[in-house]
Each structure stands twice: as C-alpha cells, then as structure tokens.
Amino acid sequence: MAAADASRKDEAATHPILIGVKSLFGNERYSDYTMECEGRKWRIHKAIICPQSEVLAKACDGDFREGIAQCYIFNGVVADAVNAMLSYFYTHDYHDEESRVMLNVRVCYLAQQYLCTPLKDLACKKLSSCLSNGWAGEDLVLAIETVYGIDPDGESGVKTCLLEVVREHLDELLSDAEKYADFHATGRKTPSFLMDILVGRRHLVHSEADARASHVARVNCRNHEFCMKLGPVPLVLSSVASRHNVLLRCPSGSTGCCPA
Amino acid sequence: MAIHQQGLANNDIDFNEIWGVLEKAFLEIHTKNASALSFEELYRNAYKIVLKKKGDELYKRVADFEERWLAMHVRERVVNLLTPPLMMLDSVSGRSLTTTAEKKDSGEKFLRELRGAWEDHQVCMSMLTDVLMYMDRVYCQDSRQPSIFAKSMGLFRDQILRKPARAEMPILLDILTRIILDQIRMDRDGETIQTHLIKANISMLEGLYDSDQEVEDEKLYLTAFETDFLATSADFYRSEGERMLRESDAGTYCTHAKRRIDEEGDRCRSTLSESTAPKIQRVVEDELIRHKMKGLIEMDSGVEYMVDNDKLQELGHVFDLEARVDVKKTELTKAIQKIVMEMGANITNAAVAASATPTAPPGATEEQAEDKSKTGAAKVNQVTVAALKWSEDILALKDRFDNIWRQAFQSDQMLQIALNRSMADAINSFSRSSEYISLFIDDNMKKGIRNKTDAEVDSTLEKAIILLRYLQDKDLFETYYKKHLCKRLLLNKSQSISVEKQMISKMKIELGNSFTLKLEAMFKDMTLSEELTNGYKSYVNKLGDADRTRVDLGINVLTSMTWPLEAFRGGAAADEDQGNLQIIFPAAIDRVKTGFTRFYNEKHSGRKLTWQTNMGDADIKATFAKAGKDGKPRTHDINCSTYAMLILLLFNDLPAGASLAFEEIQAATNIPPSDLARNLQSLAVAPKTRFLVKEPMSREINPGDRFSYNENFKSQFVKIKVGVVSAGNKVEGDRERKETEKKNNDSRGYVIEACVVRIMKQRKILAHTALLNETITQLSAQFKPDVNMIKKKIESLIEREYLERVEEAAVPSYRYLA
C-alpha cells in the first residue's frame, strides 16, 4: 500500500503538466500579470493563479484598478508570505527554512484572508511540525503576540497549534519565570490567550466525561476542512462552550486538522 | 471595565472609518466610477471588519446603503417614464384615447429604463459582492444570512417592483406585467415589438423570487407574471377562436390555429421564458382546439364540406389539430363515422329507390320490354343493376375514405378502427347486403371479368373480399352465394371455372375452411359429373347399337344437400309440390333416362337418382317447312329447356293442322302449370321463337288456350335459343327473401343449439351471461346471433333435457346433462 502510494505520488510529481507549471514560477515568460508587495514584484500567470483563488481572479478580471492596470499590490502583509502563497499556487508547496514559525503563521493568515483553505491547512501543518521540533524559541512568543494581535477572539488553526504546544509545556513555562520571561510578559498583556489556555485545560479534564455525556452532538466541524471532508464528526460541547455557545472543539485528535 | 469599554470604542471608531472608505467606494461603483478604486484595499477593509466580528454590522450597512440607493435614485428614474399613455391602459375608455403607436412607444421606453436599472443593479452588486467576498464566505455562512447579492436582489424587488409607482397607484410589478401583456397583445395583432426589451425584463422576473427564501418555484416570473399571462392569453384566444368560427372557414381556421400554437412557442423562446412554452401552447390548444373542435368540425366549411370536396390537405390540418389535444381524435372520429354512415345510408337508399323505380333502363332491356309479359323480369333485372351499383358504390366509398385516411389522417390506427366500424355498420345496416354482395360477385363471374388480365381479375376478387370482410351475416351470404354459384355452374354462365376456384380459395383464407366446404363440394360434383357423362358415352358406344336416333345425354349428378336447387324454382312455383308429380317422358327420352340410371347404379350401388326435370336444356334439330329461302324447308338448331323440349316433342306426332289445348299438354307431360305457362309463353308468344301458334292470340297464357305447329316460322339464324325466363341470378322477390331468411334463421337455430351444447359439454356448469357471451363469441365469425334466439334455444334444450337450471346458484346458471 505504502509503496503504491509513494509511486503514485512520484508519478504525480513527475507529470509533465506539473513540471511545466512549476517551471513557470518566477518566470516572466508567458506571464500576463504583475503582483507587488513591499516593493517586490512577481510576474505571474493568471491562468495558473486565478483558477486557484477566486478572490484574486475577481481582482484580475474585474473593473477595479487591479483589473485595468493589470497589477495587484498587496498591503498589510509581508513579501515573504506573498511569495510563499504564489509559490504554493505553482508548486503546491513553499519553502519555510528561514524564520520558520513566523513565516508559517503569516502564510496561514494570508491564506485565510484570501480564502485559500488548502494553503492554510498546509501552513498549519508546517507550523505544528516546526513547533514540535523546537518550541522554546522566541518565535513562539512572537507568534502568540501576532496571532492574538490580528484576531484576539477568533478561532483558527494557528491558534490551536500554538495552544497545543503551550499546554503541553505549560508546567515548564510557568515554573521558570526567568527563562520564559517573554512568555510571562506576553501572557500578562494578552487576556484572551490566557482564557484560551484555561478553557483548554478544563476541556482536557472533562473531555472524557463529556464524551460520554449527553452534550455530545454531531455537528459539522466548520473550521476544520479535513473534518468536513470526513463528514459530520462528533463534537464535544464542553460545559463552558455550551454556556457561551462558542468554542466547539473537534475531538478527532489534533485540532490542527491534520488527517491521521 | 474602563479599559474594556475603550477597547470597544476603539473598534467602533475603526469600523466607522473603514465603512466610510467602503461607502464612498460603493457610491463610486454605483455611479460607474470604479476604475480608480483598489480592489485590494476594499477587500482588505471588509476582511478586517469581519475578522473583528463586525460582519453583521457591515452586512446591515451595505443592505441599508443599497436600499437607500434604490429608493432615492433608481425608483424615481423608472417611475418618471410612466407616461400618460401607459397609465391609461387599465381604464377601458383610456384605450381609445391613445393610439397603439403611442402606447407601444411609451411601453418600450419604460421597459428600456427598467431593464437598464436592473442591469446596473446587477453589475454594481456583483462588484460589491467581489470585494465583500470574505463577508459572504465567512459571516453570511456562519450566521446563515443570504449572500449580499441575493439580499440586494430582494431589495430591488421590494424597493422598485413592489412599491406603488406613485401614491394611489398599483405597484410597479403590476404595471410592468400589464405593459408586457399589452406589448404581447400588439405582437399577436401583428405589430413589430422590441422582443429583447421584454426578454430582458422577463429575465429579471426570472432572477427574482417571491420571498428571500428563494424557493425555486416561487420565482416572480411564475407568481407575478406567468399566471396573468396565461389567463389573458386564454381570454384572447377564446374570443379569437369564437370570432374565427363565425367569420372564417374551417381550412383557414386550422392553418391559423396551427400558426398560433407555433407562434406562442416561438414567442416563449424569443420574448418570454422557454419554460412557459408548453403551458401557453396548452392554453392555445384548449381555447382554439379542444373547446372548439366540435364547432370547427360542424362548420359549413367543416369536415363534411372537406370530405365532399376532397379537401385532403385541410382534413389533414383538422387531424393534426385534434391529434395535438386528443390521442383518440374523438370529435373527428365521430364526425367521420357520421359522414360514412350517412353516405352509406345514401347508397343504400339509392339502391332501394333504384330497384323500386318502374321505368326500365333503356337499351339493354328494350327488346324484352316490347314483350309486355317480361316487364316483371325487367324489373327484377333493374333490381340486380341496383345491387351491382350498391356494391360498386360501397367499394368506392371505402376507397374514398381509405384515401382520406392515408393522405390526411396519417394512416392513424384509431381512425382506421373507426372507419372500419362505420363501413361495417353501413354495410350491415342494409338487410340485403349479403345478397347484394353475392350478386356483385355473380355479375363479375358472368360478365365483369371478361377480357380482363389476371391482375385485374384478382383486384376485382379482392374487392369482393373487402366487402365480405365487413359483412356480419356470413351464413346468409353463404346461402346466397351457393344459390348463385349453383346457377352459374349448372347453366354454364361462369366465365372461368379457375377464377371461381380462385374466389373460393380467397374466401377460404378470409373466412376459414368450414365456410367453403360446401362450395368446394359443388365443384367436386361438377368434375365427377363430367367424368360420368364421358363414361356413359363410351358405355353407350360399347353397347354397339349405333342408333342414330338415340338421344345424347349430358348430365350433372348433384349431391342433394349441397346444392340449393330451390333456386331454380320460379317465384310462382314455390307453393307447388313438384316431388309428387311424375313428369311423363316420351319413349326416346325415357330410354336414355333408364339407360343412364342403370349405368349409374352399376357404378354406385345404393344411391337414388332424382331427376330435376325443371332444370337442364336440350338441343333439338327442328325442320320447318317454309323457313328457308323461297319457302323451302329449313332445319334449325334449337336450344331450349327440358320442359320446352317435352312440349315441342308432343307436336312431332300431331297431324298437320291439329292443335292441343293447354290442359291436354299438361296431361300429356305433367309439367306443373306455372312452368308450363312460362315455357308456352316462350314458344308461342316470344316473336323470335314462336314455333307454336296460340289461339286466341294474346300475351297471357290462359287455361283453354289452344296451340298448334307454326308452319310459317321463319328465322335468319340457324341456331335459335329459347329464352328461359328465370335463368339468371337476380335479386329475390320479397317472398323469396322471406323464405331465405326463414331458412337462414332455422339453420342459425341449429348452429346455435350445436354451439350451446358444445360449450356446455365442455364446461358442465356455466352462468347464463357467460354462456351467452361465449356463444356470441364463438359464432361471431359466421353471423351475429340474436340474443333472444339464443335464449329460446337454451329453453328448448332444457325442455329436451340437454340442460337443466342450477337451482342453488347465485346467478342464473345451467348444468349439462350427459
């Protein structure tokens, strides 16, 4: 099975169409549109980008300035993230060797803004994999600040990734205030982050009991693309959640929505 | 708390600021100034708002903005085009105040403006939707709101279409519907209209829904327009149909109706909605066809006129029309059946009338007419002519409707069944059809097929079979056919025996083996008789006494049950019992008779020969003293009936100048008086064969008349044939017919009894109705049994203890008694 899967993957990766598309990334040849961010420019191919992003397609084709000038300028995002997104459109992957945590966080939010769920999922996956390799850097704190800065109350895959790491290492983080001074400082400034930690803990304590209790309801897991693809999954409404009518957590393992 | 509040306040300021940017941009979009706007900026701002959980506020603001825009800018522009000609549409008097051209023009202006407003709205909303995509995907889906596009379409409906145009006025949607209907009316009246304008407005109604739930079958087009459209159209076509029935002819009506149906279909495609096509066509079909078919068919220029004048194409149109609405083509079928029945009845009446008219047809019967005693015969002949005409006319009728059926009715099966049924009815409603059809065949066998090719003969026979196929009383036909065939065979009247046999084999195919069994037996008798005659000749030759004076004999030996010999009895002879009278033969003849009887008995023992002296003919060589040139004796070959021969032989032995009285002749021959009278009429009255002189000279033969040898007989011919009055096959007299019918009924009685017994023997116990049905089914191939007759026969079978009633049965039933 595994061998067959691998060979199918290889075959897919070596498909002439894919190779052709990949070779177009960063290639001015045949390009028909320009994208710009922080002064950096990409000549891109609408035929590649537009079918994958409805938002960008509307911008390219519409009667707005972007449609007339044939140029799209990104604002409020960093060029690296844009580069990663464009790279994804051509190769279904992007490189995250440098500044890994923050890049992944930014790509994740860029993907969310442009309604590109597969890229968001990919970014979450990459984020959680690099956090599991080394979580204790200052990147974690930076990431927490960024995430809660952009969207303090919302629910997102990035948050889940970060919270998971924090919960896992909570004892260590709390026990050494000196070593983790940045973390402590950030916690003090970010009440919604602390609330999420608390709710998460309570959830952990009660999850087994809840799973047996009558609160269990089968609901479509809206935020979790993979869960949705698997069909309705049982969602455990924690007592807090049911009271506030928020915070539905998917119990099917990693809330980062990576398939098993 | 204070900090918290400030946080919210900050957000509010944020929101208003961002909304300000968006609102300004939306205004630009609505005023068609979008080219300077940045999609990225608008999208990012809307995204930010939604991310800050202000999606609902944004949604509401956008909706409010659109509502205001529609109410303040768009509605006014549209309403301004409701010019007086349009607003006078609803009052009846208003119509006359404005010309069609004005109305059309104003209507088009209005439609154009509304279309513009709708298209603008859609374009703008689709741009707004683009920049608000994040709100649609995240906020609207989470909170189950309709997309902002759908919402704004609903706003268009509510703000533009559902608002009264002005105070005290109907809502714009009603006005729009009325204007479109008015334009369609103009289109139907032949004006050229701007179909694309209507189409655009119809598309708008198709894109809008009755409620925000956007239920698929509650499109405004369906709820607000289509119903009205169908109702108005029904009115229109109802009155148009009535007017056309009054003022036009049926052919035009058909073409028009068909054109209208096509037009409405085309109109739906070009101007309205494809989905309405079947509905409106149904309305037109209802109003112009279904409800008017009867009226159309019964018009002066309707189906009857079309049939009378062979308007095949128009009949085809009528068929097409009714076929659209009724697979059975009920009205047309009824009408055609009625016409066939009427025409059939006319043919029958004509035949009855022709046979009753006393005037003799000129030419053919003129020479007979001079002999007053033959007027009766001429009349009979006339009836025969009528019978032949009847058959030809019925065949022509069938041909005519077959042609109509093929060319106009597309060989439709329903109509074929109906036509067959009416043809059968037309034929069977005439009580003498069996006899007439047999006579038709008889005439063709005797004369009709002369000088015809095989193919022509075959088609003639086929025609006879066609008639036969429709005939119900096949048994009665068999009786007549046997009778007619009998005469043809015995009197050698048939043109060709092989054609006769061909006919029989055709009947065999059509009616089955049992039907032709007896007919075939007759042919067999004929063949055997020929062999017998030849055998007798050689037998006589072998005897060696080559007696020159010996009479030659040709004989037909007929099986008694097979041959309807009563056919030869003249009408007057019917009441006499010939069997008891022994004809007296002269010695020469008697010798031949006994000679043959001996010969026959040697061949077949135990058979009784009965001599049918009333039949047969004789060839006599007669010498008349002054018949030749210059008064010299001359010998003539006379062909006459057996009776005539017997009479003439009496005068051979009479001394010259002597005479015999009628009574004396009868006593000497024993010929029945009526036959004797007829033969004497031929021999002493008919001018060309007046071998005898009658005293007193008169046309009628009366008792006491005296007859003597006509010495002065003269004829230019060597061969003379003495006419035999009742030789041909003619229509029966009333009495004959009654007799035939009675006989037929008697034989039907036996057939029914046999059938009932056969059924009961098999079933043992059977309910009354089941028995009746079974009997009728089994006998239908031969004739249509009379129910009362079956009941009588059942009674009679009970009396004779073949059957008994089952007392305890719930329904009346019978049991078979072995």
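1. The crossing of H3(B) and H7(B) is left-handed; please keep in mind that this is a predicted model. H3 covers residues 55-79 of chain B and H7 covers residues 133-142 of chain B, and the two helices pack at an angle of about 115° with their axes 10 Å apart.

2. It is worth looking at who meets whom in this pair. From H3(B) come B:Gly55, B:Asp56, B:Leu58 and B:Tyr59, while H7(B) brings B:Met135, B:Tyr139 and B:Cys140. Sorted by class, the contact of H3(B) with H7(B) has 5 nonpolar, 1 polar and 1 charged residues.

3. Now to the interface between the chains. Here 22 residues of chain A are in contact with 25 residues of chain B. About 2100 Å² is buried between chain A and chain B, and carbon and sulfur atoms give 58% of that area.

4. For the polar side of the interface, chain A and chain B share 9 residue pairs in polar contact, with both residues at pLDDT 80 or more. The count of salt bridges between the chains is 2. Do have a look at A:Glu54 and B:Arg137, whose side chains meet in a salt bridge at 3.0 Å, N to O.

5. Which elements build the side of chain A that touches chain B? Helix H4 (54-61), helix H5 (65-69), strand E3 (71-74) and helix H7 (100-113) of chain A each supply at least two residues. The largest share, 4 residues, comes from H4(A). By class, the residues on this side of chain A divide into 11 nonpolar, 4 polar and 7 charged.

Note on methods:
Residues are numbered from 1 along each chain as its sequence is written. Chains are lettered from A and ligands numbered from 1 in the order in which they are written. This is a predicted model: local features need pLDDT of at least 70, side-chain atom pairs count only at pLDDT 80 or more; totals for chains, interfaces and linings use all residues. Side-chain values use heavy atoms; hydrogens and water are left out. Axes are lines fitted to C-alpha atoms, for helices over the stretch in contact, and angles run from 0 to 180 degrees between N-to-C directions. A crossing is left-handed if the near helix is turned anticlockwise from the far one by less than a right angle, and right-handed if clockwise. Contact means heavy atoms within 4.5 Å. Ala, Val, Leu, Ile, Met, Phe, Trp, Tyr, Cys and Pro count as nonpolar, Asp, Glu, Lys and Arg as charged, and the others, Gly among them, as polar. Buried area is the accessible area (1.4 Å probe) that two parts lose on being put together, summed over both. A salt bridge is a side-chain nitrogen of Lys or Arg within 4 Å of a carboxyl oxygen of Asp or Glu. A polar contact is a pair of N or O atoms within 3.5 Å; within protein, one must be able to donate a hydrogen and the other to accept it, and residues adjacent in sequence count only if both atoms are side-chain atoms.
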